[in-house]
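Please look over the sequence and the model shown below before reading on. The report that follows takes up a few local features and then the confidence of the prediction.

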Amino acid sequence: LQRQVGENAPPVTADAVEDYYEGAESQFELPETRDIRLVLNRDRAKVEQAMSQLEQDSSTQAWTRIAKKFSTDPASQANGGERPGLTEGLLEEPLNREVFAASEGEIAGPVKTPLGWYVFEVEKVTPARTQDLEEVQRQIRTQLGQQAEQEAFAAFIEDYGSTWSARTICNDELFALAGSPSGVGALERCSNFSGSGHPETA
């Protein structure tokens, strides 16, 4: 029933989509992200050795070899130390602060954290931005469509309840004949009957 009622909800217009976007633009803001490579080890000497080699050659091939040899980070050791798409706050401090202060292409470290020592390189910085309307209009249209269907069903229920409350008369005589609220006549008591016990036209 809800689906059938929802199908009769008014369609979502382009103006409604644009109005929603303009009123909730902050909802579509994407934070800055950084792709980094790193080596983690509790032994500072090994991290310094890794850093020395990376300062001479920081190619993908070099990172693959060095991360495999020196890193103990389970999330990146097997893929050349790569940790893509990091947003601020995902890494432990002070590594998080150092990563988001570093320049693209910079080999930085050693950085001490509770997990050990790090050397890292920021490979790519993707600046924060707000998604264009074209990128999110399908998402907005779906959201507004679902909202319209829910509102249409709620209005249907309210209208249905109001209509039948006005047209239904609880017949006290029939209820008395039933003997109790659970008797045979109890169901009839609040049927579409007039006070005389005769059915009224719906």
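In which loop is Pro94 found? Pro94 is found in the loop between β3 (82-87) and α5 (95-99), where helices (H or I, at least four residues) and strands (E, at least two) are DSSP runs numbered from the N terminus. A cis peptide bond, with omega about 0 degrees, joins Glu93 to Pro94. Another cis bond joins Gly109 and Pro110, with omega about -10 degrees, and Pro110 lies in strand β4. Most peptide bonds are trans.

This is a predicted model, in which local features need pLDDT of at least 70 and side-chain atom pairs count only at pLDDT 80 or more, while totals for chains, interfaces and linings use all residues. Residues are numbered from 1 along each chain as its sequence is written, and side-chain values use heavy atoms, with hydrogens and water left out.

## Helix α3

Within α3, Val47, Ala50, Met51 and Leu54 are buried, meaning under 20% relative accessible area with a 1.4 Å probe, protein chains only. These residues lie on the same side of α3, because they cover an arc of only 100 degrees around the axis, taken from the directions from the helix axis to the C-beta atoms. The buried residues of α3 pack against β2 (33-41), α4 (60-70), β4 (107-113) and β5 (116-126).

## Confidence

The protein chain averages a pLDDT (the predictor's confidence in each residue, from 0 to 100) of 79, and 69% of the residues score at least 70. Over residues 182-199 the pLDDT is below 50. Where pLDDT is low, the predicted coordinates should not be read in detail.

Notes
Buried means under 20% relative accessible area, exposed over 50%, partly exposed in between (1.4 Å probe, protein chains only). Contact means heavy atoms within 4.5 Å.
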